[in-house]
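Have the 3D view open and follow along, one piece at a time.

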Amino acid sequence: MALPARWKDKIVPSDPSDEIMELQMGPSHPAAHGTIKFNLKLDGERIVDCDVEVGFLHRGFEKMCEQGTWTQCFPYTDRLNYASPCINNVGFALAVERLLGIDTTERCKYVRMIMSEVSRIADHLTCLGMAAHEVGGSTAGMYMVEAREFLYDLIEAVTGARVTVTWCRVGGVTHDLPADFTDRIKAAFARLDQVLSDCDKMLSRNRVFIDRMAGVGKLSQPEAISYGLSGPLLRAAGVAYDVRKAHPYLVYDRMQFEIPTGDRGDNYDRFNVRFQEMYQSKRIIEQALAAIPEGPVTITDPKVVLPDKQKVYNSIEGLMNHFKLIMEGIHVPAGEVYQAVEAANGELGFYIVSDGSGRPYRVRVRPPCFLGMGALNKMLIGRMIPDIIATFGMINMIGGECDR
Amino acid sequence: MLIEKIKARFGGEILDAQNARDEETFTIDRERAYDFFRALRDEPDFDFNFLTDVTAVDWPERKPRFEVVYQLNSLNLAHRIRVKIRVDGDDPWVHSVVGVWGAADWLERECFDMFGIVFKGHPDLRRILMYDSFEGHPLRKDYQYNKRQPIVPEIDPVVNPIRSSR
């Protein structure tokens, strides 16, 4: 085609075969379930370079925690990984309790552990369901989202909310398990088993699914360790590291469970590890329900826990106690502590610093999926655009936690 | 225990060592930090192959002002330590440990973004959670939590080519 004369010096005809195309994918892309931007350099459909931009959901979690009392941080922690908020609650509560040097009641530990595992199953169902949906397995996706609903019902029965639970307190939890909880768990697990077995049949040996997942997003074991991956991402690379086993908290050391691992470190292994972990979580819950002792779910130390409403309204001591704890907050001794819990995505750590006043001096979260996103560009370079979707799905980035 | 072992191995480099609430914390000199971290990673007695976290704490009335805090973990030996480097508020910098652990890449970028601590030798030190034209470092104590900043105009991708990862 002849170009007009006035464009002659302006346009240099390029050879399309060696042209590098720049493409900005996101921050609101229909195939990526999260607000994230990929700055891609493409050779055809092959990824030459990928700069991952995060931070679109940054709300200043760490800054806001410094503005209120220790107890007022709990609603913020719900909004970290909003697919499994109970685990975040538990992690923060454990950190503050260690800094205070107090221990919760035996029943509380079991209750927290049971709810953490229920949340873990819900989180894995969200991750796997969405990942399956994005690579074309919509049926399995819908089944899993439905199964997640059974677990959300359980969470709602205990905490009163589905997502924003704000259920832990320093020294205990707000609500004990309901009386019929064992029956509810049994009913929910019976239906969950059916869904898991259906999805296993639909996905695990499905040719299309395996082609999209196996060998994609690979990261070798030394790289995975160096990049600080944890949780299913690290275990898929063959490292049997689980905070619940390596640095036990609550009563995980009394439970029998295994750590599923993979050996190739690709997306298919990550899928399998998550899938097997749900069965292990079920095992933990069943053991815990058999062993859970009776008793209170919160301690009664008046320096930490709010008094009964009876006392608040009927005695001056109770009223003052309540007033002091609400207005000044819990006085946590000066010092620092790092407490890690195994969240659904890996090691969720709280590094908290107190200056001895009633407010946190510094709250730092170690977000597992932030580190996973940091390694994403290593997993993608040399692959194709559709592999971004599968790999991103398996990292399970949760914006609330990654960007805080 | 571990604290004794590390003291015996790196006597001169450790300014302070503490054990509080079953957690061991070492304060070291920033000049020799890189070799210290390398040795911690490579020597089989310590085997700290996993960098858990890099962050900072701002103490405006102290001198030096910032504490850069590293949490290290050994996946094989299942032990953890915390390492601190104190840096001055006027010219806060430490050496980057990207060459020791890949995880330091994003963690140091975040620490730079939030506190303005410069990690010398970092291959790509730019903001990560905040946007490029953001002014100040939000997690410093002198940054007001309710401060507003102007909304940035949209960047034309044709005029401004997109970033590379390195």
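Let's start in chain A, where three strands line up as an open sheet in the order β1-β2-β3, with antiparallel pairing. The strands at the edges are β1 (21-25) and β3 (46-53) of chain A; each has a single partner strand, so one side of each is left without a neighbour in the sheet. On average, neighbouring strands here are turned by 20° against each other, direction ignored. Keep in mind that you are looking at a predicted model.

Zoom in on the pair made by β2 (residues 37-43) of chain A and β3(A): seven bridges join them in the antiparallel sense. For one example, look at N39(A), whose bridge partner in β3(A) is D51(A).

Now for the helices of chain A. Helix α4 (residues 106-134) and helix α11 (residues 267-291) of chain A have axes that come within 9 Å and cross at roughly 155°. That angle makes α4(A) roughly antiparallel to α11(A). The crossing of α4(A) and α11(A) is left-handed. Among the α4(A) residues that meet α11(A) are Y110(A), M113(A) and I114(A), while the α11(A) side includes F271(A), R274(A) and F275(A). By class, the residues of this contact divide into 14 nonpolar, two polar and four charged.

Further along chain A, pick out P360(A), which is found in strand β8 (residues 360-366) of chain A. Is P360(A) buried or exposed? It counts as buried, because P360(A) has 25 C-beta neighbours inside 10 Å. Leaving aside residues up to four places away in sequence, P360(A) touches C65(A), E66(A), W70(A), C73(A), I352(A) and S354(A).

Over to chain B. There are three helices and seven strands in this chain, and from the N terminus on they run α-β-β-α-β-β-β-β-α-β. The C-alpha trace of chain B spans about 55 × 35 × 25 Å along its principal axes. Chain B has 166 residues, and 38% of them count as buried. Take the contacts in chain B between residues at least 6 apart in sequence: 46% of these join residues at least 24 apart.

Five strands of chain B form an open sheet in the order β1-β2-β5-β4-β3, with mixed pairing. At its edges stand β1 (14-20) and β3 of chain B, each with a single partner strand, so one side of each is left without a neighbour in the sheet. Within this sheet, β2 (residues 23-28) and β5 (residues 80-87) of chain B run parallel and are joined by four bridges. There, F26(B) has V83(B) in β5(B) as its bridge partner. Two helices pack on this sheet, as the table shows.

| Helix | Strands touched | Angle between directions |
|---|---|---|
| α1 (residues 2-9) of chain B | β1, β2 and β5 of chain B | about 175° with β1(B) |
| α3(B) | β3 and β4 of chain B | about 5° with β3(B) |

Finally, how do the chains meet? In all, 32 residues of chain B are in contact with 40 residues of chain A. On the chain B side, the elements that give two or more residues are β3 (50-58), β4 (66-73) and α3 (104-115) of chain B. β3(B) gives the most, with six residues. By class, this side of chain B has 19 nonpolar, seven polar and six charged residues.

Methods:
Residues are numbered from 1 along each chain as its sequence is written. Chains are lettered from A and ligands numbered from 1 in the order in which they are written. This is a predicted model: local features need pLDDT of at least 70, side-chain atom pairs count only at pLDDT 80 or more; totals for chains, interfaces and linings use all residues. A residue is buried if 20 or more other C-beta atoms lie within 10 Å of its own, exposed if 12 or fewer, and partly exposed in between; C-beta atoms are placed from the backbone. Two residues are in contact if their C-beta atoms, placed from the backbone, lie within 7 Å. Two strands pair if DSSP finds at least two bridges between them. Axes are lines fitted to C-alpha atoms, for helices over the stretch in contact, and angles run from 0 to 180 degrees between N-to-C directions. Ala, Val, Leu, Ile, Met, Phe, Trp, Tyr, Cys and Pro count as nonpolar, Asp, Glu, Lys and Arg as charged, and the others, Gly among them, as polar. Angles under 35 degrees count as roughly parallel, over 145 as roughly antiparallel, 65 to 115 as roughly perpendicular and the rest as oblique. A crossing is left-handed if the near helix is turned anticlockwise from the far one by less than a right angle, and right-handed if clockwise.
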